[in-house]
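Welcome, and please open your viewer. We will go from one selection to the next and look at what is there.

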Amino acid sequence: MTQYKNHFTVLKTEYLNCSAYGNPKKLLVLRDDCGAVHLAKTATNALCGYMTYYTDKRYLFKYHYTRNGNMIIDYCENYQ
């Protein structure tokens with residue numbers, strides 16, 4: 001599994017099903033520095049479900065793609 005790292009701005013968040021432990025999973029609409037829009041989901045039981053609450057805020061995301069081409073966010077941190 002190849003991991004990628006990039007800066008994105010969160011445009012919209014939508015809650016999906018919670019995990020068995022109650023941690024949120026989200027669908028995120030992201031914009032990169034070039035202006036391209038991406039759809040991504042946070043990983044199950046990841047802290048990203050809590051950190052990506054605010055829209056129009058920039059984050060540094062580490063993510064990977066599944067075999068089906070879905071973008072899954074594994075790690076995120078605030079970007080100043």
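**Stop one: a surface patch**

Select Tyr15, Tyr53 and Tyr54: together they make a nonpolar surface patch with about 400 Å² of accessible area. Such patches are made of residues with over 30% relative accessible area and no salt bridge, where like charges are joined within 9 Å and nonpolar side chains (Val, Leu, Ile, Met, Phe, Trp, Tyr) within 5 Å. A salt bridge is a side-chain nitrogen of Lys or Arg within 4 Å of a carboxyl oxygen of Asp or Glu. Areas come from the Shrake-Rupley method with a 1.4 Å probe, and for residues only the protein chains shown count as cover.

This is a predicted model: local features need pLDDT of at least 70, side-chain atom pairs count only at pLDDT 80 or more, and totals for chains, interfaces and linings use all residues. Residues are numbered from 1 along each chain as its sequence is written, and side-chain values use heavy atoms, leaving out hydrogens and water.

Now keep Tyr53, in the loop between helix 1 (48-51) and strand 4 (58-65). Helices (H or I, at least four residues) and strands (E, at least two) are DSSP runs, numbered from the N terminus. Tyr53 is exposed, at 52% relative accessible area; exposed means over 50%, buried under 20%, and partly exposed in between.

**Stop two: Arg58**

Move to Arg58 in strand 4, partly exposed at 28%. Its side chain makes a polar contact (N or O atoms within 3.5 Å, one able to donate a hydrogen and the other to accept it) with the side chain of Asp33, at 2.9 Å.

**Stop three: Thr9**

Finish at Thr9 in strand 1 (residues 4-15), buried at 10% relative accessibility.

Note on methods. Buried < 20%, exposed > 50% of the residue type's maximum accessible area, 1.4 Å probe, protein only.
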